[in-house]
Amino acid sequence: MTSTFFQRLRCLFLFLTVSLSSQAQEYKYEIGGMAGGAFYMGDVNKNTLFKGMNPALGAVFRYNANFRWAFKGNLMWGQVSGSTEGLDNVFPDNLQTSFTRSLIELGGQMEFNFFPYSDQFGYLNTKRITPYIFLGLGFTVAPGGDGTFAGPNIPLGVGVKYKVKNRINLGCEFSFRKLFADNLEGKDSLKDPYHIKGSFLKNNDWYSFLLFSITWDFGPRNNDCNNANSNSSFRY
């Protein structure tokens with residue numbers, strides 16, 4: 001048996017391994033931008049979604065482990081605001097106040113695609129559009145006000161991504177960011193105004209993002225397996 005035979009056998013083995021496994025994306029990475037809105041939920045907005053929506057934008061980097069799983073990093077800027085005006089609940093001493101605050105977030109999330117996501121490999125039932133869910137960990141900093149807020153957050157959200165064409169992806173996602181403190185507003189008067197001891201789930205602030213994204217794929221996974229006797233190549 002010649003070395004050419006073993007080379008071709010190796011190529012066939014690699015092809016079968018890739019085809020019969022969980023199959024990775026054609027490209028390993030994505031990079032792009034996100035833009036949309038942010039809003040706050042806390043002492044002056046207990047349960048109204050999208051109230052006081054403000055601008056948000058950022059950068060996103062994604063590593064596609066395979067068709068189903070991806071790992072995403074983001075750097076976000078957003079603005080949140082709130083006011084006691086018009087609220088049904090009454091604050092101690094009839095407090096009347098409002099706030100507007102910018103925040104910066106650095107975070108990472110793990111994403112799960114409900115459908116195998118790709119515009120290639122149709123024989124594996126891949127889809128160029130898929131809903132997804134994600135969970136992760138981040139860190140939020142909001143300077144100014146009566147003191148800088150800094151602390152971890154837990155992002156939890158849902159989204160949908162669509163591959164417009166090879167290498168170009170559009171996305172939309174909605175998420176909650178769970179904080180572990182009650183002073184995102186940057187107002188001493190709104191830091192535990194009712195003097196009720198907080199817990200993991202109660203009396204702490206949240207903020208949310210509704211974001212649209214566009215990303216570009218790079219870092220191809222396929223490699224050349226060259227035939228020693230010709231200039232042709234086999235790609236896996």
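User: In which loop does N125 lie?

Analyst: Strands are DSSP runs of E with at least two residues, helices are runs of H or I with at least four, and both are numbered from the N terminus. In this predicted model, local features need a pLDDT of at least 70 and side-chain atom pairs count only at pLDDT 80 or more, whereas totals for chains, interfaces and linings use all residues. Residues are numbered from 1 along each chain as its sequence is written, and side-chain values use heavy atoms, with hydrogens and water left out. N125 lies in the loop between β4 and β5, the latter covering residues 129-142.

User: What is the phi of N125?

Analyst: Most residues other than glycine have a negative phi. The phi of N125 is near 60 degrees, a positive value in a residue other than glycine. F50 also has a positive value, with phi near 65 degrees, and F50 belongs to the loop between β1 and β2.

User: Does N125 count as buried or exposed?

Analyst: Buried means under 20% relative accessible area and exposed means over 50%, with partly exposed in between; the probe is 1.4 Å and protein chains only are considered. N125 counts as exposed because its relative accessibility is 55%. F50, at 39%, counts as partly exposed.

User: Among contacts between residues at least 6 apart in sequence, what share joins residues at least 24 apart?

Analyst: A contact means heavy atoms within 4.5 Å. Among the contacts in question, 67% join residues at least 24 apart.

User: Which residues in the largest nonpolar core touch the most other members?

Analyst: Nonpolar side chains tend to be buried together in soluble globular proteins. A nonpolar core is a set of buried Ala, Val, Leu, Ile, Met, Phe, Trp, Tyr and Cys residues joined through side-chain atoms within 4.5 Å. The largest core here has 17 residues, and Y40, V80, L103, L184, Y207, F209 and L211 touch the most other members. Two or more residues of this core come from each of β1 (27-41), β2 (54-64), β3 (69-83), β4 (98-113) and β8 (206-220). Leaving out residues up to four places away in sequence, F209 touches G37, M76, L103, E105 and R177, among others.

User: Where is R177 found, and is it buried or exposed?

Analyst: R177 is found in strand β7, residues 168-179. Its relative accessibility is 1%, which means that R177 counts as buried. Beyond neighbours within four places in sequence, the contacts of R177 include N74, F134, D205 and W206.

User: With which residue does R177 form a salt bridge?

Analyst: A salt bridge is a side-chain nitrogen of Lys or Arg within 4 Å of a carboxyl oxygen of Asp or Glu. R177 forms one with E105, the closest N and O atoms being 2.8 Å apart. This pair links distant parts of the chain, R177 in strand β7 and E105 in strand β4, 72 residues apart. Both residues are buried.

User: How many salt bridges does the count come to?

Analyst: The count comes to seven salt bridges. In one of these, the side chains of K72 and E111 meet, at 3.1 Å from N to O. K72 is in strand β3 and E111 in strand β4, 39 residues apart. K72 counts as buried because its relative accessibility is 3%, and E111 counts as buried at 0%.

User: Which residue meets E111 in a salt bridge of 3.0 Å?

Analyst: The side chain of K161 meets that of E111 at 3.0 Å, N to O. K161 lies in strand β6 (residues 149-165) and E111 in strand β4, so the pair ties together parts 50 residues apart in sequence. Salt bridges that share partners join E30, R62, K72, E111, K161 and E173 into one network.
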